[in-house]
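Please look over the sequence and the model before reading on.

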Amino acid sequence: MTQATYQPAFMTGDECSIPTFSVLNHDGALYPEARSPDLPHDKARHIYHAMLATRILDERMMAAQRQGRLSFYMQCTGEEASVIGATAALDDADMIMAQYREQGALMYRGFSFDEFMNQLFGNQLDYGKGRQMPVHYGSRTLHYMTISSPLATQIPQAAGYAYGQKLAGKGHCTLTFFGEGAASEGDFHAALNMASVHQVPVIFFCRNNGYAISTPAVEQFAADGIAPRAFGYRMHVIRVDGNDVLAVYEATRKAREMAVRDNKPVLIEAMTYRLAAHSSSDDPSGYRSKDEEEIWRLKDPILRMRKWLEQQGWWSEEEESSVQESLRREVLDTMKRAEKRPPPQLDTLITDVYAEVTPALQRQLDALTMHLRCYPEAYPEDAQSPGLDGNQQDKKGAQ
């Protein structure tokens, strides 16, 4: 119920200050008043392993892109705690709708290096059949909706999917990742309003990494970040240190509990930083300083969690070296296999579009086939090769 007033009194929202929830300081120790979440030994190690594997995958694949072996890549570097900490707090059957920098979520849920590489190179084993750009992953098995390029479209889709989960009543929720730049899209506001009105189990997870490509947050909005926007939709909200994996885990765990138990949407704003470029097509030196980047490197989420694990006696220097070496070797070996596999068979261009291939699509494929026969020298040999089944693909790719 609104209160009456008899003199004009304007408000800006500055009356409400949103704190940032933190557990670990930069040295990996708990803040004096903080409590560590109930995180079992095995799960903590699994989180850290996924963070480390994601960082190493990103480093190797960015190098591959620079070598001309890959057309495009986007790194999660600096944001691993936000992505993997949030994923670890979910049930494995909860749906994740990502933006394009959340490969760590798949890594945590068990997506193999082979599966990553097949998508990146768009070969015959790619689940998307080579139809998507690199880093546009998807996995039905791991409840990770296939990524699409248009910015913020996954946010209202998450609200709609969560509405279906509410009707199904099986105790699941949807978490959707997006950046603070995507929160400037109209889809963000439509999604929050729909989720709040219909009271659906969805977690809106904003990775506020400081930049929407080259546009700094201070030039995107005048308000105090993204979190205050939740009040306009009467939605629960929390702001968290996005480089503190324990804080992210605990905040998301509590948000999930609220979403599933009470069918209430929740907004989480994770304050983090994109240590890498926006993508392989970006040069961040044009819009931010090296000094700024170095300040944030001292807040590296992987280093912070490693120190915490070591203080628990759950990790060691020797294990760090061994695991890093093993992961680098596995990534390199897997990449070499994947880039040798042929592309998808030509006729897969028109399958899985409709239940039955339409005459129009068939005519287009026939015209393309004829074109390739007329100009074979202009196209790779693999584009004209006959289709192979899965076993033959692996054998050919391993040669």
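## The surroundings of T54

Leaving aside neighbours within four places in sequence, T54 is in contact (heavy atoms within 4.5 Å) with C76, E80, I84, Q103, G104 and M107. T54 belongs to helix α1, residues 41–66; helices (H or I, at least four residues) and strands (E, at least two) are DSSP runs, numbered from the N terminus. T54 is buried, with a relative accessible area of 0%; buried means under 20% relative accessible area, exposed over 50% and partly exposed in between, with a 1.4 Å probe and protein chains only.

A polar atom of the T54 side chain lies 2.7 Å from the backbone oxygen of A50. Between T54 and I96 there are 42 residues in sequence and 17 Å in space, C-alpha to C-alpha.

## Basis of the model

The model is predicted: local features need pLDDT of at least 70, side-chain atom pairs count only at pLDDT 80 or more, and totals for chains, interfaces and linings use all residues. Residues are numbered from 1 along each chain as its sequence is written, and side-chain values use heavy atoms, with hydrogens and water left out.

## The sheet and the helices on it

An open sheet of 7 strands runs in the order β1-β8-β9-β5-β4-β2-β3, with parallel pairing. Its edge strands, each of which pairs on one side only, are β1 (20–21) and β3 (144–145). Two strands pair if DSSP finds at least two bridges between them. Strands of a sheet pair through backbone hydrogen bonds, either parallel or antiparallel.

Strands β4 (residues 174–179) and β5 (residues 202–208) run parallel and are joined by 6 bridges. G179 has R207 as its bridge partner in β5. Helix α5 (residues 154–168) packs on the sheet, where it touches β2, β3, β4 and β5, and its direction makes about 170° with that of β4. Helix α2 (residues 80–88) lies across β2 (95–97), β4, β5 and β9 (266–271), and runs at about 175° to β4. For these angles, axes are lines fitted to C-alpha atoms, for helices over the stretch in contact, and angles run from 0 to 180 degrees between N-to-C directions.

Q99 lies in the loop between β2 and α3 (103–109). Q99 is buried, with a relative accessible area of 5%. Its contacts beyond four places in sequence include F177, F178, G179 and R207. The side chains of Q99 and Y100 make a polar contact of 3.1 Å. A polar contact is a pair of N or O atoms within 3.5 Å; within protein, one must be able to donate a hydrogen and the other to accept it, and residues adjacent in sequence count only if both atoms are side-chain atoms.

E269 is in strand β9 and is buried, with a relative accessible area of 0%. Its side chain is joined to that of R239 by a polar contact of 3.0 Å. Not counting residues up to four places away in sequence, E269 touches several residues, among them C206, N208, G225 and R239.

## Aromatic pairs

The structure holds 11 aromatic pairs; rings of Phe, Tyr and Trp (its six-membered ring) pair if their centres lie within 6.5 Å, and planes under 30 degrees apart count as stacked, over 60 as edge-to-face and the rest as tilted. F111 and F116 form an edge-to-face pair, 4.8 Å centre to centre with 85° between the planes. F116 also forms an edge-to-face pair with Y137, at 5.0 Å centre to centre and 90° between the planes. This second pair links distant parts of the chain, 21 residues apart: F116 is in helix α4 (residues 113–121), and Y137 is in the loop between α4 and β3.

F116 and Y137 are both buried, and F111 is buried with a relative accessible area of 4%. One aromatic cluster is formed by F111, F116, Y127 and Y137.

Helix α7 (residues 245–262) has 18 residues, which at 1.5 Å a residue should span 26 Å; its end C-alpha atoms are 25 Å apart, in agreement. The expected span is 1.5 Å times one less than the number of residues. At the start of α7, a side-chain oxygen of D244 reaches to within 3.2 Å of the backbone nitrogen of L246. N263 follows α7 and has a positive phi, near 55°.

The buried residues of α10 are E320, V323, L327, V331, T334, M335 and A338, and they pack against α1, α4 and α9 (301–312).
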